[in-house]
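Colleague: I would like a close look at one part of this protein. Please keep it plain, and walk me through it step by step.

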Amino acid sequence: MNNYIFTSESVSDGHPDKVADQISDALVDAGLKAGDETTRVAIETLVTTNHVTLAGEVKNFNVSREEVKEIVKAKVREIGYEQEGFHWDNLKIYNEIHSQSADIALGTDDFGAGDQGLMFGYACNDNAAYLPAPIYYSHEILKELKEFRKRSDVLGPDAKSQVSVEYEGGKVKRIDQVVISTQHTEGQVELARDISRLAAKTVLGDLIDDKTIWHLNPTGNFVIGGPDGDAGVTGRKIIVDTYGGYCPHGGGAFSGKDCTKVDRSGAYMARYIAKNIVHSFGVSNCTVQLSYAIGVKEPTSLYIYADGQVREDLVKLVLDTVDLTPKGIIDRFDLFSINLKETARWGHFGYTYWPWESLDLFNLFD
């Protein structure tokens, strides 16, 4: 097999789109906490210079308008925005959230799928997280940068990373290129570059060599950042949230949605199946597709592709054993109880504390 290079990117929790994702998910969590299994939430967020706009549909959403405002401000403060153009205490918040359509409720009150659509799960043996190396390392670099930010006031919340991994024989060989852009205080671009290089070297270790090409804040200054520098919208980082482009994507975003919406819960189940297949059946990679129709409980299809082969045997095994209805997925992963807002940074996959990352599926067949 020839060598090839594959690239993925990630963004920090202070990236404008991720600010929007985290606000949306914080409101989902609040709605579920204040409601019950009849609660439905679908909230979109737009952030720009000292403004936050909320829109969407809810049912049994027992969160007051004042509480919504405080949740938004608290999340922005937690992320770290206290800048002139985007400060948690100066935000103008426009709340256009309204009641869910009764027509949609007809099909979803009894846990039919919240929408039609298709979703993918993927896993591979590149690392212990069962994630493709490019997206895994891109996430890890930004987490390391955040640790530096906690200890210094040089870096701002907004940052992006991009890692190009060279593969040989299907295995990770080396890092070909690294791109990091991080917000910083005035006059500190060189120090920001030094910190970025150190963060990447800490994560990538011996995979970096003397041929690795670096692009650190390649445009120079990055002082004005976050929603003051670029508007952010919920759901615009769906590739960052998943597998860095290493497998197909059904197009549906996760954040802002309760888990009756199969864009979210179906993707979690597809990842769970794929990861457990790689773990239990000795394959190097696995892609799983699920699809649903609005208001219908059972999936309309299940497809499993592992190591270059369609695996109808595994499709039958899963269909015969696993409850793939929205309610079945919610119950398996306890999706009305966990803090979904914690998924809205560093991707939704690869962390063992999430129930869809557990390696227990095929214990059911023992």
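Which backbone nitrogen does the side chain of Asn276 reach?

Modeller: The side chain of Asn276 reaches the backbone nitrogen of Asp360, at 3.1 Å. Keep in mind that this is a predicted model. Now place the residue. Asn276 lies in helix H7. Asn276 counts as buried, because its relative accessibility is 0% and the cut-off for buried is under 20%. Leave out residues up to four places away in sequence, and Asn276 touches Ser358, Leu359, Asp360, Leu361 and Phe362.

Helix H7 covers residues 262-281. The largest nonpolar core has 98 residues, and helix H7 gives the most to it, with ten residues. In soluble globular proteins, nonpolar side chains tend to be buried together. Among the residues with the most contacts inside this core are Met269, Ile273 and Trp356. Take Trp356. Leaving aside neighbours within four places in sequence, Trp356 is in contact with Tyr268, Arg271 and Tyr272, among others. Its contacts also include Phe333, Leu335, His348 and Phe349. Leu335 is itself listed among the residues with the most contacts inside the core.

Now the cysteines. A search of the whole structure finds zero disulfides. A disulfide needs the two sulfurs within 2.5 Å. Seen from Cys247, the closest cysteine sulfur is in Cys124. Cys124 counts as buried, at 3% relative accessibility. Cys247 is buried too, with a relative accessible area of 12%.

Last, a sheet. Four strands form an open sheet, in the order E6-E3-E2-E11, with mixed pairing. Strands E6 (92-99) and E11 (232-233) stand at the edges. Each has a single partner strand, so one side of each is left without a neighbour in the sheet. Helix H1 (residues 16-34) packs on this sheet. Helix H1 touches strand E2 (40-48), E3 and E11, and its direction makes about 150° with that of E2. Strand E3 (residues 51-59) runs parallel to E6, and eight bridges join the two. In that pair, Gly56 stands opposite Ile97 in E6. Helix H2 (residues 65-79) lies across E3 and E6, and runs at about 130° to E6.

Notes: Residues are numbered from 1 along each chain as its sequence is written. This is a predicted model: local features need pLDDT of at least 70, side-chain atom pairs count only at pLDDT 80 or more; totals for chains, interfaces and linings use all residues. Side-chain values use heavy atoms; hydrogens and water are left out. Buried means under 20% relative accessible area, exposed over 50%, partly exposed in between (1.4 Å probe, protein chains only). A nonpolar core is a set of buried Ala, Val, Leu, Ile, Met, Phe, Trp, Tyr and Cys residues joined through side-chain atoms within 4.5 Å. Contact means heavy atoms within 4.5 Å. A polar contact is a pair of N or O atoms within 3.5 Å; within protein, one must be able to donate a hydrogen and the other to accept it, and residues adjacent in sequence count only if both atoms are side-chain atoms. Two strands pair if DSSP finds at least two bridges between them. Axes are lines fitted to C-alpha atoms, for helices over the stretch in contact, and angles run from 0 to 180 degrees between N-to-C directions.
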